[in-house]
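This report looks at one protein chain. Please keep the sequence and the structure in view while reading.

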Amino acid sequence: MKTKYLISLSFIICSLSLSPVRAQIGAPYIHDPSTLAECDGKWYTFGTGGGGIISDDGWSWHSGAERPGGGAAPDVMKIGDRYLCIYGATGGGLGGGHNGRILTMWNKTLDPKSPNFKWTTAVEVCASDGMEDQDAIDPCLLLDPTTGRLWATYGTYFGTIRIIELDPKTGFRVKGNKEKDIAIDCEATDLIYRDGWYYLLGTHGTCCDGVNSTYNIVVGRSKNVEGPYLDNVGRDMFHGGGRMVVNAGDRKTGAGHFGRTIIDEGVEIASFHWEADFDLSGRSVLAVRPLLWRNGWPVAGEHFKGGTFAIESERRGYSLEIAVDFQRMQQERQGWFNRQQMQQPVKPIPTQTLEEVIGSWPKDNIAVRCSDYMFRPHQHWSVTPVDEAGGYLSNPYFKITIAGTDRALTATANKELITLPAYTGGDEQLWRIEQLTDGTFRIMPKRIPGEEGINTRYCIYSASDSTPTLAEYDFQSDNSKWNFRISK
């Protein structure tokens, strides 16, 4: 791949020589995961067959979540101070054919070790009799932030996708509510709301066939929660429409069972499963990816993989660099005044190398600033995942060093940036890099010296065109946003 490409607002473009694709670590094995739910600082998701997995940091997952009732494709949501779980008891051709039942139950906590952990008796909210053109399975939940009303969708390829209304206080079906058909040709739906639009995400294609599964996630949107849901070219999902959100890639196939998690303003996560991860024996695994919004449509972003970059401020486009003297390069002048240049052979000019300039750099700490990008060694940063340092939803922490050296970007106690001569592994040298919904990135130190706890507040901030610092993250300000330009 060529050098000096600016990463697009939709996807991270990495050269073939960069580190392998990264994914959740530990034991992220699950099928049909629920939307991620946070409880007492831990993340939970539940799957088909009962149970689920837990993460202390959002990056490393292990078994241990508990959900009774078995069945298929649960979803979970916190409403007030309780958690509501909805799941399909049968259906989908599982045992009882297409006789499906959708049930709900509550718990005060998701932590099975808590004394308050106890699921209520499950209550049926809808069913299919196996004879009609519908299968009650694969439910999801949406608590409408504009009205406070609670909705559920459910269904499979065997017939229609339906929507019903539930009581957010009880989890029961609203008395007298009539189900409505809103889509076909998909299953494992999810409802979300954003900026005046309701989005219906459905899983299209074939499942349960390992590396041959063709599952992919599509979407339509509507101004009315009950539809109609149209895709980007106006096709109704009730007639097979749907715009692609995520399909196979990175040696993983079968994207299904979408969930959306909002971490912060402008920081959103898409969760789903891969039917098969080629690098993990073709097992079904949890996927957690940044969620981008492009022209009003959701798009699953890519894992940030690290590499060698220029780090450029969205504020003006100036590049992050260490504050050393600019080293001029020698060149035989080729201006307009050289009338013979067209008859002379072309002589490529070598790029300035680290060896040519590093001897003039200070040996101790060096400050950080921003300036015009000139593809010079003091502007090239190696961004490297540090697997042993833990992580957060979507990625591990990274170290950021001047390429070819061990000189490390470091957060200071007075919320400034410097580079130390060597990477020590301290939390002030570990960086959380998250792609935002508009495609730019925020970069945050894991900890700030003297501050308690993991930092989720301060990011690298362009205080002026040439002055980077640490300040409170503000999605509405380009000062908080950065782009990565591949550079060698």
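The chain has an average pLDDT of 92, and 92% of its residues reach at least 70. Residues 1-21 stay under 50 in pLDDT, although the model has 60 contacts for them beyond four places in sequence. Where pLDDT is low, the predicted coordinates should not be read in detail.

Four strands form an open sheet in the order E10-E11-E12-E13, and their pairing is antiparallel. At the edges lie strand E10 (140-143) and strand E13 (180-183), each of which pairs on one side only. From one strand to the next, the twist averages 35 degrees. Strand E10 is joined to strand E11 (residues 150-154) by four bridges, and these two strands run antiparallel. Within this pairing, Cys140 stands opposite Thr153 in E11.

The search of the whole structure finds one disulfide. That disulfide links Cys207 and Cys208, with 2.4 Å from S to S. The link of Cys207 and Cys208 is left-handed, with -70 degrees about the S-S bond.

Which cysteine sulfur is closest to that of Cys85? The closest one belongs to Cys140, and because it is 13 Å away, it is too far for a bond. Cys126 is also in no disulfide, its nearest cysteine sulfur, that of Cys140, being 11 Å away.

| Residue | Relative accessible area | Class |
|---|---|---|
| Cys85 | 1% | buried |
| Cys126 | 6% | buried |
| Cys207 | 27% | partly exposed |
| Cys208 | 57% | exposed |

Definitions and conventions:
Residues numbered from 1 in each chain as written. Predicted model: local features only at pLDDT ≥ 70, side-chain atom pairs only at ≥ 80, totals over all residues. Heavy atoms only, no water. pLDDT = per-residue confidence, 0-100. Contact = heavy atoms within 4.5 Å. Pairing = 2+ DSSP bridges. Axes fitted to C-alpha atoms, helices over the stretch in contact; angles between N-to-C directions. Disulfide = S-S within 2.5 Å. Buried < 20%, exposed > 50% of the residue type's maximum accessible area, 1.4 Å probe, protein only.
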